[in-house]
Amino acid sequence: MATHVIQFRDKEKYKQAIMALLDVPVSRVGIPDLKMIVSEEHIQALKRANVEFKDITKRVGPDGSTPVQP
Amino acid sequence: MAQRPFNPDALKPHATSWLQPNVCNWSSVWRYTVLVPVEQIQSDGTARTIATSDDLTNLELMFIEHLGGITFLPPVKGLGCRDPKRPRETLETNKHAAYLVYAPAAYVSDQYFQALRAELQEALVEGIVMVERQEALLL
């Protein structure tokens, strides 16, 4: 199940998204700058509701380095 | 008393810099679950909207501003009676928006969430808005 980081243009779009995602039976995360961390189910729900968003996910290939905690 | 919009400014006096949780290895934090009623469905089929889309948006953006982020859980439905003395007549189903938030294991967090509960109860004209707290250790 792919995870996406998405961002909304303004508060109005964010509000539309909240209502479109209210009944999606999967958890999501809200973070600053009108961004959300969501799953594929949320992406589909937003598309069905015609809510505009930008997918800003950065995919790292198999040779990508893993962040190391201090 | 009439329902009014949720007012995030009511929480500003409690949103100190201490409220941002220290999210790192071996941090002891408090995890709050907040259930905000969005719809009340009575046994005769009458449905009433409680928290509006504006309320939910303002609440979510306020949590992000004050606590750095939130997890929005799938909606939670519960069945209960509004008046325990008249369970059959007042049986209702409530649909809730459920938020999970980390905060520091400190008194300021309890103050913040008690103020939140009071503001939600007053704005939505609800007898009790459920806010629960659990202790968590981040590994």
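1. Tyr99(B) touches Val34(B), Phe63(B), Ile70(B) and Phe72(B), leaving aside residues up to four places away in sequence. Contact here means that C-beta atoms, placed from the backbone, lie within 7 Å.

2. This is a predicted model, in which local features need pLDDT of at least 70 and side-chain atom pairs count only at pLDDT 80 or more, while totals for chains, interfaces and linings use all residues. Residues are numbered from 1 along each chain as its sequence is written, and chains are lettered from A and ligands numbered from 1 in the order in which they are written.

3. Chain B has two helices and five strands, in the order β-β-α-β-β-α-β from the N terminus. These are DSSP runs numbered from the N terminus: helices are H or I with at least four residues, strands E with at least two. The C-alpha atoms of chain B fill a box of roughly 50 × 30 × 25 Å along the principal axes.

4. Of the 139 residues in chain B, 26% are buried, that is, with 20 or more other C-beta atoms within 10 Å of their own C-beta, again placed from the backbone.

5. The largest nonpolar core has 37 residues, and Val36(B), Ala51(B), Phe63(B), Tyr99(B) and Val101(B) have the most contacts inside it. Such a core is a set of buried Ala, Val, Leu, Ile, Met, Phe, Trp, Tyr and Cys residues joined through C-beta atoms within 7 Å. Elements of both chains each supply at least two residues, among them H1 (11–21) of chain A and H2 (107–124) of chain B. S1(B) gives the largest share, six residues.

6. Which elements of chain B give two or more residues to the side that touches chain A? In total, 14 residues of chain B are in contact with 16 of chain A. S3(B) gives the most to that side of chain B, six residues.

7. Strand S2 (residues 28–31) of chain A and S3(B) run antiparallel and are joined by three bridges; strands pair if DSSP finds at least two bridges between them. Ile70(B) in S3(B) is the bridge partner of Gly30(A).

8. H1(A) and H1(B) pack at about 110°, their axes 9 Å apart. H1(A) is therefore roughly perpendicular to H1(B), a term covering angles of 65 to 115 degrees. Axes are lines fitted to C-alpha atoms over the stretch in contact, and angles run from 0 to 180 degrees between N-to-C directions. Residues that meet there include Tyr14(A) and Ile18(A) in H1(A), and Leu56(B) and Glu60(B) in H1(B).

Note on methods
Buried ≥ 20, exposed ≤ 12 C-beta atoms within 10 Å, placed from the backbone. Contact = placed C-beta atoms within 7 Å. Parallel < 35°, antiparallel > 145°, perpendicular 65-115°, else oblique.
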